[in-house]
Structure formats: C-alpha cells, structure tokens
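Me: I am new to this one. Please show me the structure, and then I will ask about it piece by piece.

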Amino acid sequence: MKFTTSLVSLALVSTAYAANETLWGPYRSNLYFGLRPRIPQSLMTGLVWFGTHDYTAFGKARHACDQGDGLQSYSWTEYDPRRGGIQVLEDTPNNVKITTEFLKVPGGNHGGSWAARIKGEPIQDSIPTRTSMIFYFGLEGIGGMDMDTEEDQDGIEGPVKFSGSTPELDDFTIRIVDGPDNEALTNGVDYNKFRERVGKSHFITRPVQNGQMWQAKEILMQNIIQRANEILEPFKDGKGGIPPDPSYVLQFSNDAYMGSNLFAVQKVFDGSFQFDVFFDSKSAKTHLDASTFDEGMTALKASFDQQFTAHLSEPSAYPSADPAALQAFSKAITSSLIGGVGYFYGTSIVDNKFAYEWDAEDEDSDNDEDKTSQGAHLTEPKALLTATPSRSFFPRGFYWDEGFHLVHIGLFDNDFSLEILQDWINLIDDNGWVAREQILGEEARSKVPAEFQTQIPSYANPPTLPMALTAFIKRFKETSLSGPSDAELGMDFGTGQTPLGSNTKLDEAGSQHLQNSDKAISYLKSLYEPLKRHYDWFRRTQRGQIKQYSREARSRTEAYRWRGRSETHVLTSGMDDYPRGPPHAGELHVDLISWMAFFSRTMREIAEFIGEEEDASTYADLEKAIINNIDDLHWNEEQQMYCDANVNDDDESYHVCHKGYLSLFPLMLGLLEPNSPHLEAVLNLVHDPEELWSPYGIRSLSISHPEFGQGENYWKGPIWIQMNYLVLQALHNRYTKEDGPYQEKARKIYNELRANIIDNTFKEYQRTGFVWEQYDSKTGNGQRNHPFTGWTSLVSLIISEKY
C-alpha cells in the first residue's frame, strides 16, 4: 500500500525534515536499541531478544533498558549524531554479546536513508548461545505500511521487504537481510517435526491504536505465548515426554492482519549471527546494501576518532598506565551520553493548586493564574529532544541535569546541543516556568512512580540551562574557522551514496553556529526573551524574606528560598535528602542564592554578546547585589562556612550549618573573588579528609556529620560527579589562573581532585562495565543507578580539561 492524501495541510508538511542530519536517531533511548525520527507520530523501530537455550529465558526478554536484566554492560563505543554509531551490549545471562551498528545516509527531501546491523557472538565459546532476535516497526499517525514479501505459514526464506509512506517521510522501503554465515539449531528435540520452519524468518503484523505502540513488546510476546501454549499442551503436568526445543516453539505464528501498523520479523540463531535492516527513502534514490554499509561504518569510525581527538582528547601529560584504555573509556561515556538522547512527545500532568503550608501564602505565586483548574490535569502534548541521565532508570528529561549534558554534547557537536537547548527553551511558558521533570506521554509515565508524575508551576530546579549558552559563547570565541574536509577524513568513501554531513567540512557539519556570527547572534536573540522571562520567574517566585525578620544585608531584595520542600526533602534543590533546617516561610537557601548569582552572570554574558547593553548593566548590578548578600546573609563567622538561614520560634533569624556541598556553592560557581577572606576556609573544608575530602572525590556531606550515611543516604555522603566537576571547573578556570593568596593551594587541590575522580571512575568502569549515578566515599564503589551516562560522563571533560 502506498499512502496518499488530499489534505492541503499535509501537502505543505515542513521541508525542515528534508536535509535534517539529526532527524533520525536512537531516540527511543529507553530501549536497548530503538530508532525513530523527531516527528511526533511516525515510524519507530525496536529490538527484542531472548535466549532459547531454555524456556525460562523467554520470561526475561530484553527490550527496554532494565537494571534487573543483568547485562554486564551496554554502551555506545562511538556515536556521532549526524552519522550514526556502534553500541555493544554484553548479555551474560544469555551468553551473547550483541553489537548494534547504525549508519545514516543523506539524500532526498525527507531526512535521508539509514541502515542498521545487528550481530551477536558467544561471550563464552564453551556455553551454547541460542538467541531469538525480533526487529519490529510501528507506524503511528497518518500514513500506511505493508509487507511486500509473500507470506508463508512456515516462514520466509531470504530478505523480508516492507514499503510505506507518511506525509513527513514520504515513500520508503525497508528490507531485513540475513548475514552470510547464520546458522539455525538443527539437532534440538523434535527437529524433524519443525524442520520446515527452521532457519526462516518468522513474522506477524497487527493493528495497534495510536499512542499504544510503546507496548509493542507485550503484543509480540503474547503471540509467541499463544502459539507455544498450543504446542506444549500435550506436555503439561509431565505428560508427553520431553517437550520440543524452545528454539522451535517460541516463534511467531506467521500471519498478517488487515490494517496493520505493527510489523515484526523474528530470527532464531544458533551461535554467532548477523542481519541488516535497510531503510531507503524514495526521494534519496538510494539502495543500500551490505557493501555500502561496510564502507560507511569504516569511514564513520575514522571520522569519529578524528573528531573526538580534535575536541576531547586527554592532555598527553596525564599519567595513565593504559592511555588507550582511558581514551576508549572517555569515548564510550561521551558516545553513550549523545547516543542516549531521546525524543519525547505527549501530555504531562500539572497541578496549579498544590502547595505546602509554608508555601501557601506566597504573594508572588503564579499558582492562582488558572482559576478554573481543579488540581492535577493533563496539558496539551509537547515535544522534546533531550539527553537522559540514565537509559535504565531516568529515561526522560531533567532540567538541572540538562545544562551539564549540553556543555558536554556541545564540545563534540555544537549545533546538536543547540537543537536540544531550543526544545527546552520552547517549553518555557508565558509565566516563565518550565517543569523540572519532563514526563511526556504514557510511556514516560510508565517509568515514574505516581507520586512523582505531577509537576507544580511554583517549583524550580537549579538553573543550569543558561550554562549551555555561555559555553556556546565561549566556544564561538575560541573557534577556528578552518577544518579538514570529509574527503581528508575518509568520509567520501566512493560508493555514490554519501554518509550524512559529508558535503561540508567535518567541523562545519555540527558547527555552523560557530562558523557564522550572524547565525550565532540570531540564535541567541531567539532564545533571549524566553530566557529573560524564565529569569524573572525565578526572581519572582523563589524570592526569600529579608526585612520581615530584621536581617541585615546590603540589598533589601536579593534573598531566595526553594519552594516545594517537604519536612525531610528539598527535591527542587536537586539535593533531595541533604540536611536542612525545618520548613519555614522565612528560611533562605545558600545554594539557590548562589544559583541566582550564576544565572545573573550568564544573563549578563548573553546580553553583552547580543548587544543588549542596558540589560547587561542591569544583570551586572543584580549579580553584584546577590553576591554581596551571599556573604551578608549566609556566611557564618564562627563556623567559617556558608550556611542556610532559618527562623526560630521568636521570629529571629539563625544559621543552619551542615558541612557539605551546600557549603561550597559560592566556590563551585566561581562567585568568590580570588582574594576573598572566605576562600581559604572553603578550600580547607574541601581538602580536609576529616570533612569532605576522600581518595575518590569530594563527599556530599562531611564524614564527621551525625547524619553521614544515614537514612536514604542519597546526598548524605556519596560522591556526585557533577558537583566535583563544578569544583574542578572553578579551580581550573579561576582560582588557579587568577592571582591571589590561595592560588597554589587551589592548584594542589585541583590536581589531586582531578586525579582522584578520573582514576576511581575509570577503575569502576573497568571493574563493573558501567559509570554510576554516585560513588561511595569510603570505598569508591559505584552505586545506585547504572549506566548513568548523564552528568557522570563529565569525567570525559575532566580528562580532557575542557571546563
């Protein structure tokens, strides 16, 4: 079936898809391997596999990334958002190492073509490796798709071909082609009974409602179960002898339904295997094949290595016992961050009415805007391209993580980071608010406990998005306008079908906004007004009280308090269970006021760059006022540290001091002058092994604190890489560079801390196969969620000293 439409609106579908090098990607990042375009309702793919060495392995079929699956590791070893990449998954329970290779090929007017290769090999040759691989395609929205290959109830020999069309992708074909050396099991129990089906591709097609394609795995597994139940009925309760081998039983039923939009092909292998999936866009006039793919992947690897070396290679002076392995580690965590970018579309849940009692009387709250809202409700659907902290546990967008993600991504591909940032800025509403978690659609909500799904429009998160813009400005100022061509890099591989982006110089493909000042300024101007609105929202809704409690400060307005805290947690701060004082409308938070000084500084830098001189002056004044108030409101002379402020029963202000990350914010964000009288005390706190210093990084809470390691122990001692990165960034960019009485101390701390972070995360990666959400400050062991290739991947920047 070929799809046509007479609707004028569909005839005018945006040509923005035509030459978009980043249209296609593994944007179903919650899956081990799932491709889709950045189109709300369109074609999507997924990979499912399970072992057939016994029947129990079927119940642990792999699809969505899950820590409970017990994979030894899974990581993109190379990934370029414009060309594709290579991912390696070690499934030890099924004794198979699976490699997924993805290649983009440009051309035509609808986003180009692509190819994927799925191959597997035994991890241990002495153990049988029998694997069922399922590759499926789901089509949502307007369009259609058919299986062109003739159906056969025993399965299909040779390639399996599909064709389809959508308004955005236009006409396309898909082929699934076996590799040359695949083998099927021919000596299993009851082989002769099933021999007509052995070694063939099995299939089903089914109609699925729009919005439900994310549940494709359950639909596919149910079909296999139904067939298996019929075959195994005579063997129930120990009757009938030995049942047939699972490789013959756990197969699709080989039937197709009318009106299908879910298409799946299953292959069952004994030992090593390989198969290719070719997506040819008709307007691209391509016909991809195995030789094209081989040449393209060779060129992709070469270009990735050269691009990585140009932007993120480690300084030669770093002492490593195995420099090649360290660089491979750095490449893998960078690739896994970029390969973990997802595209999400759907509704979210917002509650304009909820407030804790200590937030309920805020005069500046925006929660009364919608008088008709009755509690939690669904918003209009929105789209978001975003990096994800953890594909297994946090496969969605997180506001305060994303600034760190984009600083890293921007070093490898500047313009891709700007595309992601644009999507985030587009989420800022008319009031200036953006939800701290982007849980868009039913699939995203299925991974989130119900109590965390609802977003509150008075709740903030650390404003890290602007750091991506100032990092962009810094890159723009440093960029050289010359770069090697793709032919020089081997990307022009002479097949007549050119890999994506190879019509321009390599650096230009992802750096057009660095090469062209008009593009850079135009982009920043397009984001400036929503960012101003966002900044004003922070100042309006997160303001703290000064004069009400007779606090003395040079500015009578610049004080801040996180809204949305509970008795025991301040989730909005990002440091969930870090010790705080009791909830009170008069408390002030030193981390938030520090973030606001940082936000003011970044807004000043953006305003200066685009020529908004009056705004720049205003932001400079605000930055100065806020920094002054950090000292006036939060420095405790007796404790020699920065602290939160709270209010006692007599309405008197007092300090709440808990040594840890909270105490370091004025240092971490580079707000202290190099000659500040408080800098030495903060540096001493950082470097004291009886407080925050450990051989593995800076602890989140002092080891001498009575709550160290207690309770939930999320932010009560464990080491977080992004916080250590902020300390290293401040030391490297300011306190080791600028003259001051503590310059040598800063240099010593920087060198030791950098080595501690690199050595421990690398050691744990080699030991466990993953980078982790956090690290134990007593043992250095990685802990909690993995792989955590969001901000933990900042280790790559620490290695390369790109701050």
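Me: Which side chain meets Asp245 in a salt bridge?
Reply: A salt bridge here is a side-chain nitrogen of Lys or Arg within 4 Å of a carboxyl oxygen of Asp or Glu. The side chain of Asp245 is in such a contact, at 3.7 Å from N to O. Its partner is Arg130.

Me: How many residues apart are Asp245 and Arg130?
Reply: Asp245 lies in the loop between α3 (216–232) and α4 (246–249). Arg130 is in strand β8 (residues 130–139). The pair links distant parts of the chain, and the separation is 115 residues.

Me: What kind of model is this, and how are residues numbered?
Reply: It is a predicted model: local features need pLDDT of at least 70, side-chain atom pairs count only at pLDDT 80 or more, and totals for chains, interfaces and linings use all residues. Side-chain values use heavy atoms, with hydrogens and water left out, and residues are numbered along each chain as its sequence is written, from 1.

Me: How many salt bridges does the count come to?
Reply: The rule is the one used for Asp245 and Arg130, who meet at 3.7 Å. By that rule the count comes to 39.

Me: What is the strand order in the open sheet of five strands?
Reply: Helices (H or I, at least four residues) and strands (E, at least two) are DSSP runs, numbered from the N terminus. Two strands pair if DSSP finds at least two bridges between them. The edge strands, β3 (43–51) and β13 (255–256), each pair on one side only. The pairing is mixed, and the order is β3-β8-β14-β12-β13.

Me: In which sense do β10 and β11 pair, parallel or antiparallel?
Reply: β10 (residues 160–166) and β11 (residues 170–178) form a hairpin, with three residues between them. Phe162 stands opposite Ile174 in β11. Seven bridges join the two strands, and the sense is antiparallel.

Me: Which residue of β15 is the bridge partner of Val177?
Reply: β11 also pairs with strand β15 (residues 273–281). That pairing is antiparallel, over seven bridges. The partner of Val177 is Asp276.

Me: Which residue in β22 is the bridge partner of Ile349?
Reply: Three strands form an open sheet with mixed pairing, in the order β18-β17-β22. Its edge strands are β18 (376–378) and β22 (454–455). Strand β17 (residues 349–351) and β22 pair in the parallel sense over two bridges. The partner of Ile349 is Thr454.

Me: What distance does helix α20 reach from its first C-alpha to its last?
Reply: Helix α20 (residues 743–768) has 26 residues.

Me: Which residue just after α20 takes a positive phi?
Reply: The phi is about 90°. The residue is Gly769.

Me: Where is Asn95, with its positive phi?
Reply: Asn95 is not a glycine, yet its phi is about 55°. Its place is the loop between β5 (84–91) and β6 (96–105).

Me: Which residue does a cis peptide bond join to His786?
Reply: The omega of this bond is about -10°. The residue sits in the loop between β28 (782–783) and α21 (795–800). It is Pro787.

Conventions
Expected span 1.5 Å × (residues − 1).
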